[in-house]
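Please read the following points with the sequence and the model open beside you. Each point takes up one topic and names the residues to look at.

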Amino acid sequence: MSTPSPHGRSRIAALAVALAAASALALTACDDSGGSSTSSATPTAPDTASFSGNAASALASAKASVRAEASKRAASASAAASSFEASVSAEVERANKAARTELATVDGAGNAMSDVTMTGKPRSETGGLLVVVVTITNKTDKTASYAVQVDFLDSSGEAVETRYVGAEDLEPGRKAQPVAVSRKPTEPVLTPKLAKAQRY
């Protein structure tokens, strides 16, 4: 057998180093028990047993939360409406009854239509109720009382509700601003109309 040349010896040495490196890599790929590693680059599904809920229960919870919020808002609006109506004093209510009694004997629109104007109040301020501010101005030179009828009309123009407001002993040049409140539901939308106004 011939002796390898120096060049051949360096190639053998390089081959031995490469084999040693390959062996080291193979050893690191094995587990402690001598078997090959089972690690993989492909992700695995999470263990759903550790989840505290599921999509269906989360959806049901969200729906319940929305219903609770809607119920809370409706209760709040109802309370606001009741509070607004309660703010109408007993004295104002008495004046309104007097206005109704006075208008029962009036034919036509009455003698004070030009003394009365109406403006709506924003529903955001009335708990959602339809409220009309009736401005009564005594344009005469004598103290006078007033009776006013406000009709609430549906889309066909039919009066579905009537309210009476009044002002008693209003001095010349002075104004009063009673409110006419509809107690009908917000739908269908009603339109207020000045039906009668009588000075007495």
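1. With which residue does Arg163 form a salt bridge? The partner of Arg163 is Glu161, and their closest N and O atoms are 2.9 Å apart. A salt bridge here is a side-chain nitrogen of Lys or Arg within 4 Å of a carboxyl oxygen of Asp or Glu. Arg163 counts as partly exposed because its relative accessibility is 24%, whereas Glu161, at 9%, counts as buried.

2. The model is predicted, so local features need pLDDT of at least 70 and side-chain atom pairs count only at pLDDT 80 or more, while totals for chains, interfaces and linings use all residues. Residues are numbered from 1 along each chain as its sequence is written, and side-chain values use heavy atoms, with hydrogens and water left out.

3. The count of salt bridges comes to 5. Among them is the pair Lys121 and Glu125, whose closest N and O atoms are 3.5 Å apart. Lys121 has a relative accessibility of 27% and therefore counts as partly exposed. Another is formed by the side chains of Glu171 and Arg174, at 3.9 Å from N to O. Glu171, at 44% relative accessibility, is likewise classed as partly exposed.

4. The chain as a whole has 3 helices and 7 strands. Helices (H or I, at least four residues) and strands (E, at least two) are DSSP runs, numbered from the N terminus. Read from the N terminus, the order of the elements is α-α-α-β-β-β-β-β-β-β. Of the 200 residues in the chain, 24% are buried. Contact means heavy atoms within 4.5 Å; among contacts between residues at least 6 apart in sequence, 68% join residues at least 24 apart.

5. The largest nonpolar core has 19 residues. Such a core is a set of buried Ala, Val, Leu, Ile, Met, Phe, Trp, Tyr and Cys residues joined through side-chain atoms within 4.5 Å. Val116, Val134, Ile136, Val148, Phe152 and Ala180 have the most contacts inside this core. Strands β2 (130-137), β3, β4 and β7 (191-199) each supply at least two of its residues, and the largest share, 5 residues, comes from β3. Leaving aside neighbours within four places in sequence, Val148 is in contact with residues including Ala99, Leu103, Val116, Val134, Ile136 and Arg163.

6. Ser145 is found in strand β3. Is Ser145 buried or exposed? Ser145 is buried, because its relative accessible area is 8%. A polar atom of the Ser145 side chain lies 3.0 Å from the backbone nitrogen of Asp169. Beyond four places in sequence, Ser145 touches Ala167, Glu168, Asp169, Gln198, Arg199 and Tyr200.

7. Asp154 belongs to the loop between β3 (144-153) and β4 (159-170). Its C-alpha atom is 7.3 Å from that of Pro188, a residue 34 places away along the chain. Apart from neighbours within four places in sequence, Asp154 is in contact with Val160 and Leu190. The side chains of Asp154 and Ser156 are joined by a polar contact of 2.7 Å. A polar contact is a pair of N or O atoms within 3.5 Å; within protein, one must be able to donate a hydrogen and the other to accept it, and residues adjacent in sequence count only if both atoms are side-chain atoms.

Key:
Buried means under 20% relative accessible area, exposed over 50%, partly exposed in between (1.4 Å probe, protein chains only).
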